[in-house]
Amino acid sequence: MPTDISSLIALWNRKPEIKTLITHVEQEQEKAATYADFPGSIAPEVIKALAEHGIRQLYSHQQQAYLLCESGNNIVITTGNASGKSLCYQLPILQSLHCDSEACYLCIFPTKALGHDQHKSFIDFTRALFSFSVTEPSEMAAVYDGDSAHGARQRAKKNARILITNPDMLHVGILPRHPEWARFLANLKYIVLDEIHLYRGIWGSHVANILRRLDRILRFYGASPQYILTTATVANAAVHGEKLTGQRLRLVSDDGSPKGRKTFLMINSPVVNRDLNIRQSIAKTFLPFAADILSAQVQTLYFGQTRKMVENLGRMLRDEYPEAGDQIAIYRSGYLPSQRRTIESQIKKYQVALTVATNALEIGVDIGQLDCVCIGGFPGTISSFRQQGGRAGRLQQSSAVLFFASMSSVDQYLANHPEYLFEKSPEVVSINPDNSQIVHQHLQCSLFELPFQRNESFGTLPLDWLTSFLQVLCLQGKIHLRGDTYYWLADAYPAADISIRSIGGKPYRLLVFDQEASVEIGEVDPASVHWYVHPGAVYIHQGVSYLVQDLNFSNREVILNQKQTDYYTVPVQQHEITPADPEEEGSDRGFNRYYGEINVLSQVIGYKKINWEDPLAVSLQTLEMPPTNLQTYGTWITIAPEIVEGLKGMGLWSSEANSYGKNWEQQKALARKRDQYRCVNCGLPETDQAHAVHHKIPFRHFASYQLANSLDNLVTLCPACHRLAEAHVKTRSGIAGLAQIASNLSSLRLMCDPHDMGWWVASAAPQFHGAAVVLAYDLAPGGIGLAQHLFSQWPLLLNECLLHLESCPCVNGCPSCVGPSGPDGLGCKSEVKALLSLMVP
């Protein structure tokens, strides 16, 4: 007999070895539903169809959403998990279906799994609503995605009233072939956009432009549909929805759904190295919890952050508890659809007790009620944390959510400041629909789809910008202006060459050669190839390790060899920043902040090989990659000169150039002679130019120059290896440590992925009038709004950095705060802490 979740929590509280790991408990109390009647305008037949599926009354927010739609409003619903958001768009669609024999409805979902799940619901409802004689329910409500067979696509074009698709198919399959969809588009009444918080960054900016193209085509067919949007809880739901659609929206946020009692447990792994604050892996920490879960038969879903983590934990659990092997399931994307459906059915029927999954189960897929959700490491955004936690107690029963904090800065910050997870979300979704490269791409698609009138609009893009874009396309010979109309001239089908998840042209293909035949296993966007898949890089795909053998720029190909390694790689880059005049400025205690356009000249000069088991075991490899140029937007702070001088006086400013003492030239010559005028790292001999001499332990850590310059502390390096070594040492300076912790914690406010922003520091930057600078910038060409939002958030972010440093128990620095100290045990934590204490009120 399964154990009640409350009994299991009580058991953990009685076990000292587990209770000591629980650092915080949060209770979400039971909440009764606020019900509302069906509006009088809803047809009895619709109410009867809903009743057949157990829906006999509405929650208050569902009624509000329907009434707003009935009044002609565009809406965005931002109620909680399992609150019945789907019915907010299903109800107006069903009512319209019943009353209007021609009206059509476009439902856009971010994933195929979510679309298929909603397709089943629509079929069930329409079967109850209608008696089908000519058109089957599966044809009235149709799925149009990459998996749809040719026959199903043709039937959808002919018969579909409710079309379920995704942004990719809208981009390449529907809009460029809109004459084939004329019946559907001309009668479109509602457009549903589900889970819009996922449309962020580059992808969200592309989707906004796809919707601009859709709007032009709808105007051509004389249709003016309403928008119904849903989203997880974010700080700017309505603003984000309006930027995405170009429409004014009414917000529905007062949640009338019931909630069961939910207990949140914050769990922090035990420290295994107190000086370095190294903690036990969350997988090992989870094992005793898993034993109790399996023994108690408590229906549990564990979210891992990567496919490899999920597969490894699944194997570990089956090895540790072989007698319960048939009670453990592993679920991730990459499995065959039939495999995924089988696992979903097993979960729903209580045939497995513990499922280890990636975020593929975060949204949409119906797996029934769960007693417990475990989240293995922060999933990147607070909205994702709440989505995953919302999987527990979805049918109002008591439930639990266990958050296992990893060693990352964000996880450890949340372990010490759990209120961040439970109070109002500070996350803002950022997109930039007017990004010049994205607009340029989609304008071509739109011109292919329909000629452009001289004064026609394209969403909210300013008319003078639009005119400039069209003039550029004329000069490129892709379009022609005749009278007041622009016509597409090229033969190309532009949508086919545009990836809506990147900027910068065609992606690079990842190729693995097997017995002289190549197999394509994936793609990488052009902006990432230099640092992500450089020669020598370790690339992991579906849990398998590959080494990059070659990067072919002309063919846009990356050649991989499958090889299991005991290390992963991290690129070392040099950046040269050129700022334009700032567009916004602000002054705060101890620093000034700015926002504006910048140019970033970057070059990968090498990479680190970091051991999986021992992150402090690092070897450096040189590499000369061609430089790249990025025009984007950034935000930066300049530290007040009096703060820098004060820290220098206290010996807490290590970013200053060193004066190496009277014997430096003599010791350099002796070191080069001892090393036989060769680089000790790569073996390159000196030619016309003398090699550099490098301090193994940084000069600033010695009491005298004589000790610092002893031959035991000196090593000869060629210019390339010296740049690499200096870049590695620089990561342990105070200003670099500040950038490290700020870059990690900024994701709590920016709702972005780690590779969406770049960071740069300088202790005395000539291009910033000699000031000490910390700068963050959008890695997307032209920017996507992240830097602009961070500009106003600097004071709050720096305060959070100081709070985290004060609560971190390490001595000199660790992976959870400013980065680990070096092999010599020297770090920059004290410098960063002193700097922040002078900048935070």
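Rings of Phe, Tyr and Trp (its six-membered ring) pair if their centres lie within 6.5 Å. I applied that criterion to this predicted model.

**Entry 1: aromatic pairs**

I searched the whole structure and got 28 aromatic pairs. I then picked out one of them, phenylalanine 385 with phenylalanine 403. The ring centres sit 5.6 Å apart, and the planes make an angle of 90°. Planes over 60 degrees apart count as edge-to-face, so I logged this pair as edge-to-face.

Where do the two partners lie? I placed phenylalanine 385 in helix 16 (residues 382-389) and phenylalanine 403 in strand 18 (residues 399-405). The pair therefore ties together parts that are 18 residues apart in sequence.

Next I looked up burial. Phenylalanine 385 has a relative accessible area of 2%, so I noted it as buried. For phenylalanine 403 I also read 2%, and this residue is buried too.

I also followed ring pairs into a cluster. They link Trp12, Phe286, Phe289, Tyr302 and Phe404.

**Entry 2: helix 3 against helix 6**

I turned to helix 3 (residues 44-51) and helix 6 (residues 112-129). Their axes come within 8 Å and cross at roughly 130°. That angle makes helix 3 oblique to helix 6. I recorded the crossing as right-handed.

Which residues meet there? From helix 3 I listed Glu45, Val46, Ala49 and Leu50. On the helix 6 side I listed Phe125, Ala128 and Leu129. Sorting this contact by class, I got 6 nonpolar residues, 1 charged residue and no polar ones.

Key. Residues numbered from 1 in each chain as written. Predicted model: local features only at pLDDT ≥ 70, side-chain atom pairs only at ≥ 80, totals over all residues. Heavy atoms only, no water. Axes fitted to C-alpha atoms, helices over the stretch in contact; angles between N-to-C directions. Helix = DSSP H or I, 4+ residues; strand = E, 2+ residues; numbered from the N terminus. Parallel < 35°, antiparallel > 145°, perpendicular 65-115°, else oblique. Left-handed = near helix turned anticlockwise from the far one by under 90°. Contact = heavy atoms within 4.5 Å. Nonpolar A, V, L, I, M, F, W, Y, C, P; charged D, E, K, R; others polar. Phe/Tyr/Trp six-rings, centres within 6.5 Å; stacked < 30°, edge-to-face > 60°. Buried < 20%, exposed > 50% of the residue type's maximum accessible area, 1.4 Å probe, protein only.
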